[in-house]
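Please read it alongside the sequence and the model.

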Amino acid sequence: PLCALSPTTKQWYQRRVQGGPRLGPMLWHFLRDHGRLATGDHQHLPRHQPPVLTAHQSNRVCNALALLQCVASHPDTRSAFLLAHIPLYLYPFLHTVSKTRPFEYLRLTSLGVIGALVKTDEQEVINFLLTTEIIPLCLRIMESGSELSKTVATFILQKILLDETGLYYICQTYDRFSYVAMILGKMVIQLSKEPSQRLLKHVVRCYLRLSDNTRACEALCQCL
């Protein structure tokens, strides 16, 4: 597993994250050959109730997730990454609610991996995510996360909405649409008290895309 890499090896990989175009395939072949993939990340999380996560534990997992982001964003490994359902291993991290810094870093880095996937604008990615719980997870973070986590979560929702299948999925039922509209509305109220131009930009783009759906546009006219 990635967390089992020696510090020297992991640092070598991390130095290549920005400038190594073949890093994604290299990592994927390493993970495939050594088995267990990302499941080893969870071994470094505590089992306490309520959960307690040290900065060291958080950093180890976040470093591994940063490497996984290279695999997720590379065109030669993205399909295999999805086929192996690796994003599902990140969802327990997104389910955490503790507002301590180690947990916040863990959520933010996990969102970064999903963000790298949706940034590609590939139908395969959206189709996969729509079969998972990523939308309610993002909505919960958009409502109660830190500004950075809210920004990345809103970006993910925005990219899903920009896809025709994603827009149809969210507007298909009143419950889905109303939940998204409610969270966006709460965010606008919060942004009026604590402005963030970066976050507001993504919120506005979500509203703009929702307005492309006739029924959603009519509903927005009534609730805004």
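This is a predicted model: local features need pLDDT of at least 70, side-chain atom pairs count only at pLDDT 80 or more; totals for chains, interfaces and linings use all residues.

Residues are numbered from 1 along each chain as its sequence is written, and side-chain values use heavy atoms, with hydrogens and water left out.

**Salt bridges: rule and count**

- A salt bridge is a side-chain nitrogen of Lys or Arg within 4 Å of a carboxyl oxygen of Asp or Glu.
- That rule gives seven salt bridges.
- Side chains of opposite charge can pair when their charged atoms come close.

**E122 and R78**

- E122 and R78 form a salt bridge at 2.7 Å, N to O.
- The pair links distant parts of the chain, 44 residues apart. E122 sits in the loop between α6 (101-118) and α7 (123-130), and R78 in helix α4 (residues 78-83).
- Helices here are DSSP runs (H or I, at least four residues), numbered from the N terminus.
- R78 is buried at 4% relative accessibility, while E122 is partly exposed at 29%.
- Buried means under 20% relative accessible area, exposed over 50%, and partly exposed in between (1.4 Å probe, protein chains only).

**E143 and K186**

- The side chains of E143 and K186 meet in a salt bridge of 2.8 Å, N to O.
- E143 belongs to helix α8 (residues 134-144) and K186 to helix α11 (residues 174-193), so this pair ties together parts 43 residues apart in sequence.
- E143 is partly exposed at 35% relative accessibility. K186 is partly exposed too, at 39%.

**E147 and R198**

- E147 and R198 pair at 4.0 Å, N to O, in a salt bridge.
- E147 lies in helix α9 (residues 147-162) and R198 in helix α12 (residues 197-210), so the bridge ties together parts 51 residues apart in sequence.
- Relative accessible area is 40% for E147, which counts as partly exposed. R198 is partly exposed at 44%.

**I183 and its contacts**

- I183 touches L139, M142 and E143, leaving aside residues up to four places away in sequence. Contact means heavy atoms within 4.5 Å.
- The C-alpha atoms of I183 and I141 are 9.9 Å apart, and the two residues are 42 residues apart along the chain.

Terms used: Helices (H or I, at least four residues) and strands (E, at least two) are DSSP runs, numbered from the N terminus.
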